[in-house]
Amino acid sequence: MTDTPGWASPGSSEPPRDGARPTADAPAAVPGQSAPPQDTPPAWGTAPGAPQPPYAGQQPAWGTQPGHGGPPPGWGPQPPGNGYGWGVPQSPKPGVIPLRPLGLGEILDGAVSTVRKHWRVTLGLALGVAVVQQGASLGAQLAIRGDTGDLTPVLTALISLPLSMLLGVVASALLTMVVSRAVLGQAVSIGDAWRDARPRLLQLVGLTLLTGLIAGGILLLGFAPLIGYLASGAEEPAIVGLLVVVGLLSLPVAVWIGIQLSLAAPALMLEKQGVITALSRSRRLVRRSWWRICGITVLSQIIAAVVGGVISTPFTVIGMAIGLDDFVAQVDSGQTGSMPAAMLVAMAIGGVLSSTVTLPFTATIGVLLYVDQRIRREALDIELARAAGLPEQGGGGWGDQAGPAPARL
């Protein structure tokens, strides 16, 4: 795929598409005017002998000149859309992000703005998903009640994992459609997001399973020698330590593959791609930007973990305070496989509130990274401006485009 130039990156020395911006040595020309009027003071550094303005006394400071209604042509504030003046041209911003390559702060701000401006949809959707997820996990723990000993956490995870994965896929699909509308400044309801996302849900489930199997398969392959060695009954510490190091070497590979495929879900939902095509599309978009996308993804996960911990910690403390006596009694009796019901309920409430806040944030970050990469590689900002109906970009929405256009983007 051939990259097409988009807007210059923030801080780039490349000129904008409209042309080079004026500098102090070359003021912007006024359209339709070939020379300054006779009563205009000469430009800075006029050659000796040139006609001088009829100033009496000291030369006034640079700015509005005596006898003139404003500053010299090209130096004063320009009307909107006519030249750049001294400032940076404003990018169109119909929705939560400006339509140009985004910086780290703009991506984070776009995620927060999406949650804030569309809080009824984003928080309501995340709350519903979190309630079902935490309810399933809590029900599994209360049903088992530690009868399986140390295997209780593992069995609880296995029981609630399929439902959690399915709900996560649904939430990701719906939030992707919400973000696609928010970028264009359009309102969206849960019903609208569901109608847009429903035809792609089965493919998104398959994509999620496939990417999980790829990353999990790499880790399993790396730790396979250690698992086989321990299964044989041998426990030589030096060999075990060496095999642990070998297994850990597979972790960077799994992370590298995971970032390579991290934009596949937005590509599948918004471009209506197939599963394999979406995986290939993600690899092309991430190419030469792996470190940037990895850094932003890790940072967003850290922020979400910190915020989630701040929200859930008080409920954990309250649960421990309420169920401390029961917990001590269980420890004294040797029942260490489960926690008291009061602690489980309090932690579940904290988990619901934590997921309600963090789930929309992390899902939005992934979609905005996808949009940013397409702006940088394919000048998607022009298409988005037209889809938003901006008059300076041609307006008219997708109906004016030649050829097929991705859904909402």
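**Exercise 1. What percentage of the 409 residues of the protein chain count as buried?**

Solution. Start with the model: it is predicted, local features need pLDDT of at least 70, side-chain atom pairs count only at pLDDT 80 or more, and totals for chains, interfaces and linings use all residues. Residues are numbered from 1 along each chain as its sequence is written, and side-chain values use heavy atoms, with hydrogens and water left out.

Buried means under 20% relative accessible area, exposed means over 50%, and partly exposed lies in between (1.4 Å probe, protein chains only). By this rule, 36% of the 409 residues count as buried.

**Exercise 2. Describe the secondary structure of the protein chain.**

Solution. Helices (H or I, at least four residues) and strands (E, at least two) are DSSP runs, numbered from the N terminus. The chain has 12 helices and 0 strands. Along the sequence, the pattern reads α-α-α-α-α-α-α-α-α-α-α-α.

Now look at contacts (heavy atoms within 4.5 Å). Take those between residues at least 6 apart in sequence: 71% of them join residues at least 24 apart.

**Exercise 3. Work out how helices H9 and H11 cross.**

Solution. Step one: find the helices. H9 covers residues 275-286 and H11 covers residues 341-378.

Step two: take the angle. Axes are lines fitted to C-alpha atoms, for helices over the stretch in contact, and angles run from 0 to 180 degrees between N-to-C directions. The two axes come within 10 Å and cross at roughly 65 degrees.

Step three: name the arrangement. Angles under 35 degrees count as roughly parallel, over 145 as roughly antiparallel, 65 to 115 as roughly perpendicular and the rest as oblique. H9 and H11 are therefore roughly perpendicular to each other.

Step four: list the contact. H9 brings Arg 281, Arg 284, Leu 285 and Val 286, while H11 brings Tyr 370, Gln 373, Arg 374, Arg 377 and Glu 378. By class, that makes 3 nonpolar, 1 polar and 5 charged residues. Here Ala, Val, Leu, Ile, Met, Phe, Trp, Tyr, Cys and Pro count as nonpolar, Asp, Glu, Lys and Arg as charged, and the others, Gly among them, as polar.

**Exercise 4. Is Arg 288 buried or exposed? Is Ala 379 buried or exposed?**

Solution. Arg 288 sits in the loop between H9 and helix H10 (290-332). Its relative accessibility is 63%, so Arg 288 counts as exposed. Ala 379 lies in the loop between H11 and helix H12 (380-387). Its relative accessible area is 9%, so Ala 379 is buried.

Now check the backbone. Most residues other than glycine have a negative phi. Arg 288 is not a glycine, yet its phi is positive, about 65 degrees. Ala 379 is not a glycine either, and its phi is positive at about 55 degrees.
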